Number of protein chains: 4
Amino acid sequence: MKSIRAAVLGATGYAGAELVRILSGHPSVTLTYLSSRSYAGVPISRIFPAFKGVVDIPCRDLDTAELCGAADVVFIALPHKLPMSIVPPLLEAGKKVVDLSADFRFRDLSLYEAHYQPHSARAAAAASVYGLCEVYRDEIAGAALVGNPGCYPTSALIPLIPFLRAGLLDPSSIVIDSKSGVSGAGRSLALSSQFCEVAEGFMAYKPASHRHQPEMEENLSLAAGRPAVITFVPHLTPMSRGMLTTSYAKMEKGLDEGKAREVLLDFYAGRPFVRVCEPGALPQTRNTRGTNFLDVAARVDQRAGRLILVSAIDNLGKGAAGQAVQNMNIMFGLPETEGLFAVPHPL
Amino acid sequence: MKSIRAAVLGATGYAGAELVRILSGHPSVTLTYLSSRSYAGVPISRIFPAFKGVVDIPCRDLDTAELCGAADVVFIALPHKLPMSIVPPLLEAGKKVVDLSADFRFRDLSLYEAHYQPHSARAAAAASVYGLCEVYRDEIAGAALVGNPGCYPTSALIPLIPFLRAGLLDPSSIVIDSKSGVSGAGRSLALSSQFCEVAEGFMAYKPASHRHQPEMEENLSLAAGRPAVITFVPHLTPMSRGMLTTSYAKMEKGLDEGKAREVLLDFYAGRPFVRVCEPGALPQTRNTRGTNFLDVAARVDQRAGRLILVSAIDNLGKGAAGQAVQNMNIMFGLPETEGLFAVPHPL
Amino acid sequence: MKSIRAAVLGATGYAGAELVRILSGHPSVTLTYLSSRSYAGVPISRIFPAFKGVVDIPCRDLDTAELCGAADVVFIALPHKLPMSIVPPLLEAGKKVVDLSADFRFRDLSLYEAHYQPHSARAAAAASVYGLCEVYRDEIAGAALVGNPGCYPTSALIPLIPFLRAGLLDPSSIVIDSKSGVSGAGRSLALSSQFCEVAEGFMAYKPASHRHQPEMEENLSLAAGRPAVITFVPHLTPMSRGMLTTSYAKMEKGLDEGKAREVLLDFYAGRPFVRVCEPGALPQTRNTRGTNFLDVAARVDQRAGRLILVSAIDNLGKGAAGQAVQNMNIMFGLPETEGLFAVPHPL
Amino acid sequence: MKSIRAAVLGATGYAGAELVRILSGHPSVTLTYLSSRSYAGVPISRIFPAFKGVVDIPCRDLDTAELCGAADVVFIALPHKLPMSIVPPLLEAGKKVVDLSADFRFRDLSLYEAHYQPHSARAAAAASVYGLCEVYRDEIAGAALVGNPGCYPTSALIPLIPFLRAGLLDPSSIVIDSKSGVSGAGRSLALSSQFCEVAEGFMAYKPASHRHQPEMEENLSLAAGRPAVITFVPHLTPMSRGMLTTSYAKMEKGLDEGKAREVLLDFYAGRPFVRVCEPGALPQTRNTRGTNFLDVAARVDQRAGRLILVSAIDNLGKGAAGQAVQNMNIMFGLPETEGLFAVPHPL
């Protein structure tokens, strides 16, 4: 089979670099084009010396014509708003696109516009598919444009959707408490990302006001068949990579731990990247570090009538670059795990 | 005024060592007696070389008669069950006692017995006071025995109690999501406390089954005047010291952020160790590290009808040794802040 | 080609688990046998849940007959002294062996006996080869038994040997200052490996008395053609994986930075795991994390007449499991990089 | 006694904030003036919320007249070059000054000019004293202007000077290998200080080209009575605070560990901030964190004829703010330990 030529726009951010890592080891892909405004002309291995001798492609300033000549699939790892103007010509040129920003994640553009800005690529948005692979696989398979989910939504939606679809939870009772590593804040300079401001500390930020909340609610409501209103609080953890989400919801029907585990096992049967923990075990972010796995466990608080779901991902893996490549695999009819199923590091 | 002679039992654990630190710098206290089974005969500064040249007292095997001759107040930083047999003779000898274990924290001993073991010092327990300083100060002032609160309960009760007392929250709707540094697990050897098992990772443990849950519920119910049934999930964070708790509850009366902040300001007026964050600001554990402060902020999620409370402490400070010394100050009629109000480190 | 059947003894230590990770992804290898005394009967993925769904082989108690029936090559990741009794029957049975302990690293057994204990497998030791791949490749290719180098020696020998062979340095002037991550201390419980005793701290240990010193000296002397007497001080760094070594030596002939870089480039031409940094760049452990690379740079202090060599490895990678698999590749005539050349993580 | 009025210029950097912490707890000092260009008008407790309720003084834009009216002693924690223009008018106004930059550290201004820039306050420089308290106490006592030593020089000079003064070491043989926490890089934004670029990594920087090298050599030469030519390599460690220095030198006279320890004990007798480790023990940065201590141990490598000195400080404590306040104590005739001898944290 002919190799798929792939481009990464924004290759020098953390998600971009992780895309470079995965794609350059992907057996069906040839990495052909890396864009970076700040580092045009510089080999990616100068910016990330870990790549030296393995991936040495130079970065360049984005040129759409050049890009269209060089790539079959384009991964966009740029801040939202930028992809809106980049995507339409790519689609016209027949390219497949996986966009990691929020620009193409919403079915209801008024939600996007209420939390981000006016949308300037409405036709593309209408045709885009939300790339939560384990839930929307069939739509993704036929899509030219995928809006790759946010890291927080990925970590919360995969555990909750099976229970909402089965009518087991009250969708107005959901509390989502997430904890993220620092790479989620990106590679741009910020005082709040400096080592001495993060190490040996823990904090909440944007309680009930983070922009991933409407993204979650749109998909939770769809699963529940009625409006989900959630309370979402993200937190910052002194680690580079990893995200753990603890979700709480009132049960509408009786559940015990065994049944709850089965709901997950049944829904994700045959989906190798969702790992339901062994009975008694709980997810830890370390077990998903550098991988595309989501580990999940369910606990039932019978006294309070609540289901507790704990899930762990690598925010740069299943929460960004890993899932983006998984989406590409689905879009191109490749095995879903191709290039993604490396043996994880034990520590 | 004559110096108070203080003893620390279990001086070589983390809470014990923090007690040694605070008490040896306390202007009204002379540290006279340190016990440690494992390190009898060894100066505390050999075990914690940070103390060298500042606190060099030797540890000894616990001997009650010797202890009674040497100390006016006894801090017990031993695992629960041990204090039950140690405390009664100390009380008979007229000593004041602050016990950091769970043995003397419960009003309802059946709760203790359901979650720990049979209680063998029921008379002492009946006379003990729960040492949550800002809430039960008057009872503490008259007590001979104080059960020093757990770290998780301290971090959750101080934010929630003012709202429950004012009838503003539904006590059956409370979710408490806590994140602790590793020193909370103590200084005993455990694979789960080894650096390589903790660093760059994050995990939940004992969801809805941690023993601090009944301790919280007893005090929340008391504040609400009706039974509180909570869901509590603790988490482990890759840092040594610090605890952040995010509490969620349904509001029974209308609140906005300004009013919620005032509930806290009013309740804790004149209580210098509870710091209500400036409007817009949120607590971070780093700001309380090494101190007896609890920082707290309230946010209102109007859409979901929920109050969100974020609080930060040092689990070894206000969550253990700091509050224990604050209790001693109250028991001996000293200014509450004495020996505890050092300027915190900026990083 | 028929798959090589591989066994890992001591699979649940950190080096053992890293061997499991690498070998189970190696295209020419089938992992057939894992031993662990403490976890016999337990799948390796219960002990390291990162492996779940990817490597689920059970551990078993070591049984030599069983082992010989199951494996063509045996990796031993057990504490020294144990391999001495395990290796001889394996060699007799025609197995190839890579031993990660110190037992088979020394040419001069009196050095081993002076720093470890009496040697009980002298014939095997006499036939063993020191597995520093880039230096002794030809001997390794013909060996049945390889003594895999220690992490500190690997990090220091690769930079120094080219200069000593070329007669450029005074072998009596060498100072080696190494900094290691905590996984180097292994997975056994130790107070000094607990998170709270390591985090936010840095220390030296065993200055001029670490057992890797004679291992270094034997190989440095061989390279220099005269006795090397070094001063070696290892240090512990608050990170899980990684090792950086700074070596200092008096120059015997004039060198500048460009020439020094060329000495390295020439000596390691065609050896893909030794990466000489770009001019101006310096090694960082993060760039080698999870890989078999050694990054190295040379600087010249003309005023003091000293060469400074800075090298970085992953102590579990090139410093242990990675090099062990590289040795296996050489012993079996496979391409040296097979199964080892994954794209490194950018963070 | 009348309280000394103190000012801190550059109060919002890490060293500045640590000065604020120490001075606001100093019994003989009143903090009266904080300058910060970026945060003029903002209370220091908004920038460092750890200070909230304890130190709430506002920052202001530097105004020399105002400053002279408000302060008796001025601590300058600004980048070098700035102090050169600020100091002369302060001295004329009769103020005492402790400058934490390099501007007033050199006896030989040509050294300063070779490594920094032309010096524009030569008269002030000529009258300044190098503030290494334990070595130059008498000169400091009479000085109006003290150049506070750099963190690296402090950590290396205190261990080495006693041996050089006694003629025990070859001053041309010294290698100094230092490891610093990240706060040494200051609070300005830098990619290399971002959490994800530092955590779980270790690196060398500026080998044999750091500007603290001439500062060290000037003072080592003075102690030896002949020129010291050193090789100095600093490293960056993934921790916020702390510095460990390992120094190596050829012995010119016989020494063993006991004698070496006595050289240190004798030289620093009566100097409480230099703690010579117990026999067998070694310094760890954690034991000095947040303090003004320097912990030191000597080891002798008889085979190589080298003395090894290991020393630990807090780079913001004895390496910056702590020593600056110690200098003030000496300049004002206060007990050297006043305001500085708090009990260190055990973790």
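**Sheet architecture and chain contacts in the predicted model**

In chain D, strand β9 is joined by 2 bridges to strand β10 (residues 231-236), and the two run antiparallel; strands are DSSP runs of E of at least two residues and helices runs of H or I of at least four, numbered from the N terminus, and two strands are taken to pair if DSSP finds at least two bridges between them. Within this pairing, D:A204 stands opposite D:H235 of β10(D). The model is predicted: local features need pLDDT of at least 70 and side-chain atom pairs count only at pLDDT 80 or more, whereas totals for chains, interfaces and linings use all residues. Residues are numbered from 1 along each chain as its sequence is written, with chains lettered from A and ligands numbered from 1 in the order in which they are written.

The open sheet of chain D has 7 strands in the order β9-β10-β8-β11-β14-β13-β12, with mixed pairing. At its edges stand β9 (203-204) and β12 (274-276) of chain D, each with a single partner strand, so one side of each is left without a neighbour in the sheet. Helix α8 (residues 151-165) of chain D lies across β8, β10, β11, β12, β13 and β14 of that chain, and runs at about 140° to β14(D). Helix α11 (residues 257-267) of chain D also packs on the sheet, where it touches β12, β13 and β14, and its direction makes about 150° with that of β13(D). Axes are lines fitted to C-alpha atoms, for helices over the stretch in contact, and angles run from 0 to 180 degrees between N-to-C directions.

D:G131 is placed in the loop between β6 (129-130) and α7 (133-141) of chain D. This glycine, D:G131, counts as buried because it has 29 C-beta neighbours inside 10 Å (buried, 20 or more; exposed, 12 or fewer; partly exposed, in between; C-beta atoms placed from the backbone). Although 15 residues separate D:G131 from D:V146 in sequence, their C-alpha atoms are 5.6 Å apart.

Between chains B and D, 31 residues of chain B are in contact with 30 residues of chain D, contact requiring C-beta atoms, placed from the backbone, to lie within 7 Å. Helix α1 (residues 14-24) of chain B supplies the largest share of the chain B side, 5 residues.

Conventions:
Contact = placed C-beta atoms within 7 Å.
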